[in-house]
Amino acid sequence: MAYPAVHLNEDSMREGMQIESAEISVKDKIRLIDALSATGLEQIEVGSFVSPRYTPSMARIDEVVQGFTPVPGVRYTALALNEKGSQRRAAYMPPLELAPGAPTLFTHLCDTFARRNTNRSRAEEVAGWPAIVEAARASHATEAGLGLGAAWGSNFEGPFTLEQRMEVLAEQHARWDKAGIPVTWVQIADPMSWCMPDAVETQLLALTRTWPGIRNIHLHLHDGRGMALPSIYAALRVLDERFELYLDVTAGGIGGCPYCGNGQATGMAATEDVVHMLETMGIATDVDLGKLIEAVWLLEQILGRPTMGHVSKAGPRPADPAGYYDPNLPLVQTFEQARHFLLGPEAAEAGQRPWRDPIPAPARAGQGG
């Protein structure tokens, strides 16, 4: 099966840290960015230029940006939600860059969430569309985007239907059509963890069949109910090699919007789990999974608690016989002992071997005997 090209945006330093303690030091944040930079990830969002009143953990973003060590080939971005934030961010370009994309008309389907999250109503978001279109025309933009937040449902207002989503997207598309700018991007965000694989599949099929010019899909899926990774898989099954799929992910699966009602339980698809799935499916990521897992372990050390990802706990599936577990590996009972997959057999040596005789190594395909 042909899959889309997949691009990962590592969002733990922004989406993840925004729900964590503001007491996490600048030094530790810089250590994390530098560790993530060494993994081969193509894009890292280092934080957000927002009001510390709303997001206290981003109060020292300037120091973080000034302190990390940029690695060539890695795109570093930061979120800005208004003109003031954009001006602050511009002072650090480079090393910061703008994320891939196009001028986008965006609105949340949930008015309650829009007010809680950005202090703006849905009507105010829509009222800003003409200015976005005019700015795109003035800059001679050659492509444009559609965007929905709280797309599948809201903890405050309930589910939203495919018809509701398509109605808003059609209005956005019509405005770009009138401006003569082709629509090639769509961004769909799910801050309150309402995504389900079948709903994601249905939505993407409707989008791509209604507007064949769309080639770039950006998904921001939260994982409070465990459906982010299955929903990403559904997207991979729907989209083919004609598409570019952009995914927001977080190391360890941390993350959460403080305005959605689920706090740290919100989470996102863990970067290490997504990388493991993609690579196992034959979709190259160029990410060193071992270094990524070590970065997750550093993150857990800094947070003082386990994260919600899985592959950082159990390790990836052994890819070849050289990596298969020793038949006489001691009993493994703890998370610490399970780290033998990366740290070596010494990590599990304290475990028991209750079997009577040593267990012979199984015959491998292609081996003589």
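1. Trp297 is buried at a relative accessible area of 11%, where buried means under 20% relative accessible area, exposed over 50% and partly exposed in between, with a 1.4 Å probe and protein chains only. The model is predicted, so local features need pLDDT of at least 70 and side-chain atom pairs count only at pLDDT 80 or more, while totals for chains, interfaces and linings use all residues. Residues are numbered from 1 along each chain as its sequence is written, and side-chain values use heavy atoms, with hydrogens and water left out.

2. The charged end of Arg339 sits over the ring of Trp297, 4.1 Å from the ring centre. A charge counts as over a ring if NZ of Lys or CZ of Arg is within 6 Å of the ring centre and within 35 degrees of the ring normal. Arg215 is placed likewise over the ring of Phe243, with its charged end 5.1 Å from the centre.

3. Four aromatic pairs are counted. Rings of Phe, Tyr and Trp (its six-membered ring) pair if their centres lie within 6.5 Å; planes under 30 degrees apart are stacked, over 60 edge-to-face and the rest tilted. Phe49 and Tyr92 form a stacked pair, because their planes are at 15°, with the centres 6.0 Å apart. Phe49 belongs to strand β2 (residues 43-49) and Tyr92 to the loop between α4 (83-90) and β4 (104-108), so the pair ties together parts 43 residues apart in sequence. Helices (H or I, at least four residues) and strands (E, at least two) are DSSP runs, numbered from the N terminus. Phe49 is buried at 2% relative accessibility, and Tyr92 is buried at 15%.

4. Trp297 and Phe341 make an edge-to-face pair, 6.1 Å centre to centre and 65° between the planes. This pair links helix α12, which holds Trp297, to helix α15 (residues 340-343), which holds Phe341, 44 residues apart.

5. Helix α2 (residues 26-37) packs with helix α12 (residues 289-303) at an angle of about 170°, their axes 9 Å apart. Axes are lines fitted to C-alpha atoms, for helices over the stretch in contact, and angles run from 0 to 180 degrees between N-to-C directions. The two helices are therefore roughly antiparallel, a term for angles over 145 degrees. Contact (heavy atoms within 4.5 Å) involves residues including Leu32 and Leu36 of α2 and Leu298 and Ile302 of α12.

6. Thr250, in the loop between β10 (244-249) and α11 (271-280), is buried at 0% relative accessibility. Beyond neighbours within four places in sequence, its contacts include Glu10, Asp11, Ser12 and Thr271.

Notes. Parallel < 35°, antiparallel > 145°, perpendicular 65-115°, else oblique.
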